[in-house]
Amino acid sequence: MGLLKYSLREGPLLVQDSNPSSPRWTLHRSKLFCGIYTTFLLAAAMLVPVSAQKLDAFSRVKPNISAEDYHRLFLKMGRNDTIAQHLKVITKEPHVAGTPENFATADYVLSTFQKSGLDAHYTDYKVLLTYPLSRSLSLTLPHGEVIQLKLKEQEIESDPSTKNAKVMPTFHAYSPSADISAEVVFVNYGTEEDYSTLREKGLDAKGAIVIAKYGRIYRGDIVDIAAGAGAVGVIIYSDPRDYGGNRTQGYYPDSRWLPPSGVQRGSIYQGVGDPLTPGWPSVPHSERLSVDDPRTKLPTVPSLPISAEDATTIMKSLDGPVAPADWHGALDLPAYRLGRGPSILNLHYKSNRTIAPIRDVFGLIKGSEEPNRYVLLGNHRDAWTFGAGDPNGGTATLLEISQRLGKLLKKGWQPKRSILLCNWDAEEYALIGSTEWVEQNYDLLFSSAVAYLNVDEAVKGPGFMLQSTPQLDDFIQDIAKEVKDPDNPGKTIYESWASSSQDSHPPISRLGGGGSDYGPFVQHAGIPGTDFTFGEDFPTYHSLYDDYMWMAKYGDPLFHRHVALGAMWGLTALKLADEKLYVDTLEAQLRSADAPPFVSTSPLLKSIAELRKAALQIKKKAEVYGPSKINKYGTTAFPGISDLVALVTGDEANHSGDGWADVQHQIWRVSRAISRVALVIHGELS
């Protein structure tokens, strides 16, 4: 059947309502209060316009067309066929970060932004990425027989994408190279609680290779906890109970569930951003750590992801106590046993660690009244395979939004505040593209960003879901009341969303984790943020089968969920960019109350501007001048550097190269602080 065109024009329309320290974002205790206090002060300031100009942007061009009219027009423009076509182009080839195929997708995004009439540009970084050179996994049985495990996902005759020779072998990014042989211990999902249960059974993981199920926690935490428990290697698989429909509903392509040979790739890095530049951007000529430097926090224990098919072979070989009942999954086994052994697992992995280029792509629409205030929409582009669900449904929707905005521009619309569309690279490795950009533009973002609106896994199935910071809860709920639910005719997204909760209030999760590109914005720069998605379970996540055919068959056959997500995402941005904020509302209240002319908001506007300027300087001054540790009454230029020089050259100094390396590191810190001030003075995002 041909793809049906779908838009929201039939539904209700929106109506306007009246330190380089480790870990990366850790602050010294002495700076924490100042940082939190400043952030809360600026949170109020950031939501207030600084421009005293009150001329409506739209009246300059077309006096009879209001912002609300343009918002309604935006909703009517949504097209599922356009989104589907974008997704088909982007997912034609697998496109891991740093590969030529991913740069081709960057070119496509840039070209689409340009054709839409946006001011498009890109920013490149060179960062540490890893790729598999060779890997193998074999099982040596007690009588000496060696079973070679497949480590390969099965091709599907009806899905040409699964036969693509450019698909990268299954691996865990940043796993160290290793050749190890050890007995196996089963650790359930690999949580701290699971290891406690294991100890209660009289077992431990010391010197063993542990096998764990994907699911409860981040794969990097599985590896990190295993290393802390003394394991020498980690194997992680997707159990059919979690990813295979409990082996009762069939597998892709006959159903939406992950085939037994499917493997979830992914990163196991515990930090965010380029591991070699923790806390500062990977710009040309920047300081870079050695891969052996402990500050990189690179994993020290090797790991491999495997399929349920290969996991069955390993689990069948285990002896020892039967695992607790709630540890059992749906592998074809008589029982899940804990081990250890008696068979020996042989793990070989060789990694290619390389400095590779990545590319972030941007499309800007300048605001008419507050061009230096930004509403940001973001989505990453890189994928472990084809990325139809993660992340390119979001990319396709972002491109379709850019085309809608371009059509509005041609009709005379211009937002009051600037709108910036961001397409990130290397998110899958460690939120690298977004983190490096936030690190480079931190001070401008801290003072001028209104909100960051993220979409990663745009559509996995039915049901709207939201993660948000509290400031935006009510705002987004109001928008959801005006957008049609693509899966429930006659209902709005809000009505279906609220009905999914027992207390009739829409369930909203907090952006507390670091699972996507909102992380550096919300958790480092203190910017209000959201993450939109449709659907919950995503069985083909990070596997060979996350391709266009899976999405068109199971995720969103008519692409109407993508259209609805674009409505929520785009309308949120438009309203944040166009609506009057607190000072505007106060002025309107004063006018309606016929306040005398001497009552003015000018002092408030001036104070807010001064607060922003002062808050930025708080973070700079201590880096450039301040009290020396050896002379607290005096003021020293570059005290951090001068104190370290005194320490290295003093009578009791250790004159090794390490001391001077610390001096050089401090010089880099001050250099970065000065560069950030320069960016603020320049006044433009990179």
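Predicted model: local features only at pLDDT ≥ 70, side-chain atom pairs only at ≥ 80, totals over all residues.
## A tour from a helix pair to a loop

Now widen the selection to the whole helices, residues 388–410 for α9 and residues 560–578 for α17. How do they pack? Their axes lie 10 Å apart, at an angle of about 55°, which makes α9 oblique to α17. Turn the view to look through the pair, and you have a right-handed crossing of α9 past α17.

Next stop: strand β8. Select residues 303–306 and check each face in turn. Ser303 and Pro305 are on one side, Leu304 and Ile306 are on the other, and all of them are buried, leaving both faces of the strand covered. Then bring in strand β6, residues 233–237. It runs parallel to β8, and four bridges join the two strands. To find your place in this pairing, pick Ile236, which stands opposite Pro305 in β8.

Finish in a loop. Select Asp204, located between α5 (192–200) and β5 (209–213). Is Asp204 buried or partly exposed? Its relative accessible area is 35%, so Asp204 is partly exposed. Leaving aside residues up to four places away in sequence, Asp204 touches Val185, Leu198 and Arg340. Last, draw a distance from Asp204 to Ala231: the residues are 27 apart along the chain, and their C-alpha atoms are separated by 8.8 Å.

Definitions and conventions
Residues numbered from 1 in each chain as written. Heavy atoms only, no water. Axes fitted to C-alpha atoms, helices over the stretch in contact; angles between N-to-C directions. Parallel < 35°, antiparallel > 145°, perpendicular 65-115°, else oblique. Left-handed = near helix turned anticlockwise from the far one by under 90°. Buried < 20%, exposed > 50% of the residue type's maximum accessible area, 1.4 Å probe, protein only. Pairing = 2+ DSSP bridges. Contact = heavy atoms within 4.5 Å.
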